[in-house]
Structure formats: C-alpha cells, structure tokens
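Open the model in a viewer and keep the selection panel at hand. The stops below go from a strand arrangement to a chain contact and then to a helix pair.

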Amino acid sequence: MSADLPTTDVRESRRAAVAATLADVERVPGAKKPDPIVVADHITRHFGGMTAVDVDHIEIQRGAITALIGPNGAGKTTLFNLLTGFDKPSTGTWSFDGKSLHGVSAARVARSGMVRTFQLTKALSRMLVIENMRLGATKQPGENLATALFPPLWKAREKEITVQAEELLARFKLDTKRDDFAGSLSGGQRKLLEMARALMSKPTMVMLDEPMAGVNPALTQSLLGHVEALRDEGTTVLFVEHDMHMVRHISDWVIVMAEGRIVAEGPPETVMQDQAVVDAYLGKHHDTDLGDDSLLDDDTTEQLEAEVRAEAIARGEQEETS
Amino acid sequence: MDWSRIFTNVAGEIFAPTTAAYALGAIGLNIHFGLTGLLNMGQAGFMLLGAYGFAIATIAGWPLYAAVLVAMAAAAVFALILGIPTLKLRGDYLAIVTIAAAEIVRLVGRSTALTEITGASSGLRGNEYKHTFTGASPFPDTVWSLGPFSYATNASNSWWIRIVAWVVVGLACLLVYLLIKSPWGRVLKGIREDEDAVRSLGKNVYSYKMQSLILGGVIGAVAGIIYVLPRAVQPDSMGRPMTFFIWTILLLGGAATVFGPVLGSIIFWAGLMLIKTVMRDGVPETIMRNEQIEQFGWIIVGVTLMLLVIFRPQGILGDKKELAINVR
C-alpha cells in the first residue's frame, strides 16, 4: 500500500464509525438509514412475463460500503442497471443525493456523481491505458467539437487530468503500463484499470459489479484495499459480489436479494445467520466443512438423506398445489 | 509497349480530381468508421446529395459559396434523418439503413417525376453548373503543360479543379489530424471500442455519434462536388460501387489514420490505371477485348480487397499492434 493511503488505524476507526451509525438500523428488508444517498421506491422491472426486480424500498447509506448479494438470477445486476440508468424500470421512483433519477440517461447519472463498472470488464482495448484514464475525466472543454480544433483551449485541462491519471495509475500499480494498449493487460489489471478510470471523475458514489470476478488471489488483496480506501475518502460504495470472503471482509452493510426481492439486510457478521439468507443463498449446510470426516458417519449420512427425502416430498406437494 | 505513355497515364491518376474526390470521400468515411466505428454503407449517397445540392443551387442562380453551403446542409440534414432512428440501435442497423438511404437518393434523383430538377437518369450536364466554379479561377483561359501533363487552366478537367481539390483534401487531413489528437477524438475512439463504457463515464454517446455522422457526411458532400465538377451529375455513376470503392480505399490506406485515405485513393486509382494500360498494350485482342480488360481491372480490385482484409487488415499505414489485440 502506498504512503498516501490512510494507515490501518485510520481505516479501522473509519470502519467502526460507519458501523456505529448503522448500529441502530433495523435488520429488516428496506430498512431506513440515518443518511441515505440513494432512495428507491416500488421499483419493478419485467422482462416479458418474468419479474426480474420487485423492490419495495431500498436505501443506501452515504459513505458506507454496501454489498448486494444473492444467488444467480436474483436481479442484482438488473437493479444495478436500473439505478445507473442503463435500463428503465417498469414502475418506480428513485433518487440519488436528493435528486430524482427518473428518466435520466446513463450518461447524466454518471455526470451527477454515480459511476459504475461492469461485470464483464469494459477496458477500451485499442486505446492506451493513459487514454482510457483521460477519457474518465469530466469537464473537458476539448470534448466539444468546436473547441477541440484549438488545442490552446484545452491543453491546460489536459495537463491537469494527465497528472490526476498518473497519480491514480501509480496508486493502482499500473504506472508501468501507462503507454501500453489496454487490450494487452491481464484480466485483473483490466479490473483495476476500470476502477481507476471510474475514479477519474471524482465520483461521490461508485457502483462495482462483481469487482473480484476473474481476479487472481494476489490482486484480490490490493483490490480490497482500494475499495476500502474509497470509503476512507468518504466515497459511497455499492458492490455486487459472489465472493463471500470479500463481502465479510470489507462491507459495512449487506443487502440480500433473491428472486428479484430484498429478503434481508444487516451488518455482514449477523446477516449471514439470517434464516432467509441461509435458505435463499447459502444453502442449509453452508457452515458445514465438506472436508469434515464426521460427515462420513452413517448417522450423519442417514440424517442428510432423510432431509433430502423430506425436501423432495415437500417440493412435490408444492408443485401439485401450484 | 509504350512505357512512357503508360507512365504518364498512371502518374496523371495520382493527382487527378477523381482521386482527390475519392480521397475526400474516404476521409469522411474514416471519421465514421475509423474513429467512431459507425458502419456507413452509403457514403456515395452523401456524395450524390452534395453533387445534386451544388448543381441544382448553381443552376437556380446561386453564387458559388451558397451552392457549396447548400450541398453541405443537404448532407447534414440527411445524416440527421438517418441518425435519429438508428444511432440508438446496434451498429448493423446503421449499415442497412445507410445502404438503403443512398439507393433512395439515387433512385429519387433518376426518377422521371423530377426531370425538371435533376434531369432524371440522364442527369445534369456539367456545363450547366460549372460556370461559377471556373469563373472563380484567378488563371487566364489557356492550356498549361507541366512535363508530360497538359490540361486547360480552367475548363472542366483543369489545373484549377486539381489545385482546389487537393487543397480541400489537405484541409480535411488537417481537420482529422486535429480531431484525432483532441479529447473529442478520444471520446469517439472510446465509442468505437465500447459504447456502454463511455456512457458509464458520463459522455452523451448519442450526441457524439450524431456529430461524427454529420461531419463525415458533410465532408462526403464536398467530395461529391469535386467529383462532379470535371464531369456531369450522373446518379448511376454514384451508386453502390462508389461506396465500395471508398471502403476499399479506406481499408487499403488504413482506417483511423490521417493520411490513409489519401494514400489509399492514390494507390487505388494509379494501380487500376496501371493494370488497364499495361493489359491494353500487352494482351492481344484475341484473348481479351478492351471492354473485357476494363472489367478485369475491377475483378482485380475485388480480389485485392479480399486479400487485404485477410492479410493486412490494418491497411498500409495502420498500426499493426493496435489491431492485433482486437479481442472481438
């Protein structure tokens, strides 16, 4: 970790402070937060006859790291797309930082300070790493066709953003790749580049869609550090993740989705014990060590088989009634 | 074989007004495809519209600058109409719509209902609309010779049109050079790579694509004016084949480069002339007649395009490294 980042002590105290503000929040789906940055009501999204998202109420706490988890097909990424303007909900209202985002385009959502990354990394392959970074900056006069023709009008801003880009690249340890094509980076480096690029616009809220997918363990630790560093600087983070280790390790609050609805909310230490979560997401035996020899006992095996039979019968009855 | 005549013919093509017109058309297409990734399959439509706009306005008695502005405005409106419904969709739709729209322009232009205005399929004769352009020439009316090249100073296929055409090509290259290096060009390249990524960074992708479509189309319209000044406005000579020659030129020279379209156009027309003149002298009438040689030249163009796309997709001036990491 480079020197300009806050020390571990600062990080821990920051984490404790956020945890304290969230301590009194009710552990129920759609709980009210003391200082929400995103508030959404009655959001639904139908794809044909299928309801992908059906969220009554959701609030995201400002300055905290919130994790959005849930099994495959739970509607996490769809909700992400809806919040960032990449998709339009069938019904519902939502606001960011007090401003309504209804009918606002993805580009304007990003300009208002809510920047996202993608599950499948979107590094701009045939552009240099530094050009990728520069593209992330906002308020560039040279991005206007008329002023673009007169370099003196935008050279000053270009210098500023280049300095900013180089600082970020150094922080994400990509400075040696500055003049390489983004397409020549490894998968994990592209994730880093995408995150660094999103930070070029100095966002108030960062939305990370599976930041750990496809990243090797060596890079995971530094990625985690970068996400926590965002919170230290006061940036709000919302991320979708399957990696439970990451969720437990860095998040301040966890929202669990299943079949398009929010089924539970709470701090990471306790939300995992919530029966709804255990059932929906982790399976009934999530705490059992599969390498445990005691599992091979005849008693245990019989007990498990009985459970499976009972479940099969229950499922059969359900299907008959429906 | 008369090599000095062959050489003169080939060298004459290098700076012919047609070569300049195609280079300019390809520069417009380069903004669409090379920079923004828009698949415009109807660049000839923009050129024909520019030619019509210029010729009809001049015949109506408008001065030179106004006629040029009419041509550019027509292309801008055309781009707007094409872009509004298609730029929000995936790239392939623009390809389908532009190829159809270019055909619509040509078919409307040659329809007998418009004979009074466009001259229908026989088109507009050059003498009807050339006078403002030749009148703007500072040269005396005579014939100048430079080495083996001898052209009139002002009339039709003149030194005047050559000078103007290549100055315009030079200005267009300067424009593209400035834009490629600017943050505006960076946004376009980003859109070429991944629209959604650029959108997530707060850029209005739709507006940028529209700007690109209009700018490239307007340059195409100017190319159309230059193309018809030494000849006549013939709708059927500015159809699909013209679009495909422009694509060949762009890919030959190298998309997303500044001078690629110019080099591509020069090699394309000089190469074609070389094949035709050498074969006319070298192949006996009994094997291949003159008109067959003409056709054979085009066959070679088609084969060249195929070989090019397979073995050197980045073109002559393109950056091999840039294309090598094309993961899609």
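Two strands count as paired if DSSP finds at least two bridges between them. The model is a predicted one.

**Stop 1: strands of chain A.** Select residues 91–96 of chain A, which form strand β4. On one side, β4(A) is joined by 5 bridges to strand β1 of chain A, residues 36–47, and the two run antiparallel. Next, select residues 99–100 of chain A, strand β5, which pairs with β4(A) in the antiparallel sense over 2 bridges. Here A:Ser95 stands opposite A:Ser100. The hairpin of β4(A) and β5(A) has 2 residues between the strands, and A:Asp97 takes a positive phi near 55° there.

**Stop 2: the contact of chains A and B.** Show both chains; 30 residues of chain A and 26 residues of chain B take part in the contact. On the chain A side, select α3 (106–111), β6 (114–116), α4 (129–136) and α5 (145–148), the elements that each give two or more residues. Coloured by class, the chain A side divides into 12 nonpolar, 9 polar and 9 charged residues.

**Stop 3: two helices of chain B.** Select α14 (residues 260–282) and α15 (residues 290–311) of chain B. Their axes come within 9 Å and cross at roughly 145°, and the crossing is right-handed. Which residues make the contact? From α14(B), show B:Leu272, B:Ile275, B:Lys276, B:Met279 and B:Arg280. From α15(B), the contact residues include B:Phe296, B:Gly297 and B:Ile300. The residues of this helix contact divide into 7 nonpolar, 2 polar and 3 charged.

Technical notes: Residues numbered from 1 in each chain as written. Chains lettered and ligands numbered in written order. Predicted model: local features only at pLDDT ≥ 70, side-chain atom pairs only at ≥ 80, totals over all residues. Helix = DSSP H or I, 4+ residues; strand = E, 2+ residues; numbered from the N terminus. Contact = placed C-beta atoms within 7 Å. Nonpolar A, V, L, I, M, F, W, Y, C, P; charged D, E, K, R; others polar. Axes fitted to C-alpha atoms, helices over the stretch in contact; angles between N-to-C directions. Left-handed = near helix turned anticlockwise from the far one by under 90°.
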